[in-house]
Amino acid sequence: MYNQGVLDRFNNPKNAGSLAGANGVGKVGNMQCGDIMKIYVQIERDIIRDAKFKTFGCVAAIASSDMVCDVIKGKTIDQALAISNSEIVTLLGGLPPQKVHCSVLAREAVEAAVADYKKRLEREKKKV
């Protein structure tokens with residue numbers, strides 16, 4: 001069902017865990033399949049310096065979370081937001097059609113993490 005690239009990401013995720021110093025956290029879920037993703041980002045001067053994830057879900061959900069973290073590291077916020085779920089699927093070497101929604105969730109988790117970062121930034125500006 002899954003290719004070796006997806007299985008490698010699932011069995012040996014490089015970006016699993018929380019991120020100390022995260023200044024943006026995005027949490028999304030899919031009630032139908034039960035997948036829940038949480039992406040942590042550390043952003044400095046509009047560049048994503050680091051990203052980690054915690055995901056409760058299937059093989060495709062964990063692999064998609066791990067891949068998206070690799071992809072967004074070193075990117076500007078705008079570049080990270082421009083990444084499509086189909087790019088994630090391609091980088092994974094493909095996903096079964098019924099699991100493509102996992103790549104959509106990963107993309108949405110990045111969007112939520114960036115939105116959280118921007119909210120925190122606004123709060124800090126108001127304090128000054």
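The model is predicted, so local features need pLDDT of at least 70 and side-chain atom pairs count only at pLDDT 80 or more, while totals for chains, interfaces and linings use all residues. Residues are numbered from 1 along each chain as its sequence is written, and side-chain values use heavy atoms, with hydrogens and water left out.

Let's start with the charged pairs. A salt bridge here is a side-chain nitrogen of Lys or Arg within 4 Å of a carboxyl oxygen of Asp or Glu, and the model has eight of them. One joins R9 to D70, with 2.8 Å between the closest N and O atoms. Because R9 belongs to helix α1 (residues 4-11) and D70 to helix α2 (residues 59-72), this pair ties together parts that are 61 residues apart in sequence. Helices (H or I, at least four residues) and strands (E, at least two) are DSSP runs, numbered from the N terminus.

How accessible are the two partners? For this, buried means under 20% relative accessible area, exposed over 50%, and partly exposed in between, with a 1.4 Å probe and protein chains only. R9 is buried at 13%, and D70 is partly exposed at 25%. D70 also meets K14 in a salt bridge, at 2.9 Å from N to O. K14 sits in the loop between α1 and β1 (24-29), so its pairing with D70 in helix α2 links parts that are 56 residues apart in sequence. K14 itself is exposed, at 54%.

Elsewhere, K125 and E122 form a salt bridge at 3.9 Å, N to O. Both residues lie in helix α5 (residues 101-127), three residues apart, or about one turn of the helix. K125 is exposed at 53%, and E122 is partly exposed at 42%. Returning to D70, shared partners join R9, K14, D66 and D70 into one network of salt bridges.

Now for the interior. In soluble globular proteins, nonpolar side chains tend to be buried together. A nonpolar core is a set of buried Ala, Val, Leu, Ile, Met, Phe, Trp, Tyr and Cys residues joined through side-chain atoms within 4.5 Å. The largest one has 36 residues, and I39, V41 and I72 have the most contacts inside it. At least two of its residues come from each of β2 (36-44), β3 (47-56), α2, α3 (77-81), α4 (85-92) and α5. Helix α2 gives the largest share, ten residues. Take I39 as an example: beyond its neighbours within four places in sequence, its contacts (heavy atoms within 4.5 Å) include V25, F53, V68, C69 and V110.

Finally, what space is enclosed? A cavity is a set of points on a 1 Å grid over the protein atoms alone where a 1.4 Å probe fits but cannot get out, and its lining residues have an atom within 4 Å of a point. Points are joined across faces, edges and corners, and volume is the space filled by probe spheres set on them. The structure holds one cavity of 30 Å³ or more, and the largest cavity has a volume of about 40 Å³. Its lining includes V68, I72, V110, R107 and E111. Helix α5 supplies the largest share of that lining, three residues.

Terms used:
On a 1 Å grid over the protein atoms alone, a cavity is a set of points where a 1.4 Å probe fits but cannot get out, and a pocket is an open set with protein on both sides within 12 Å along at least five of seven lines; lining residues have an atom within 4 Å of a point.
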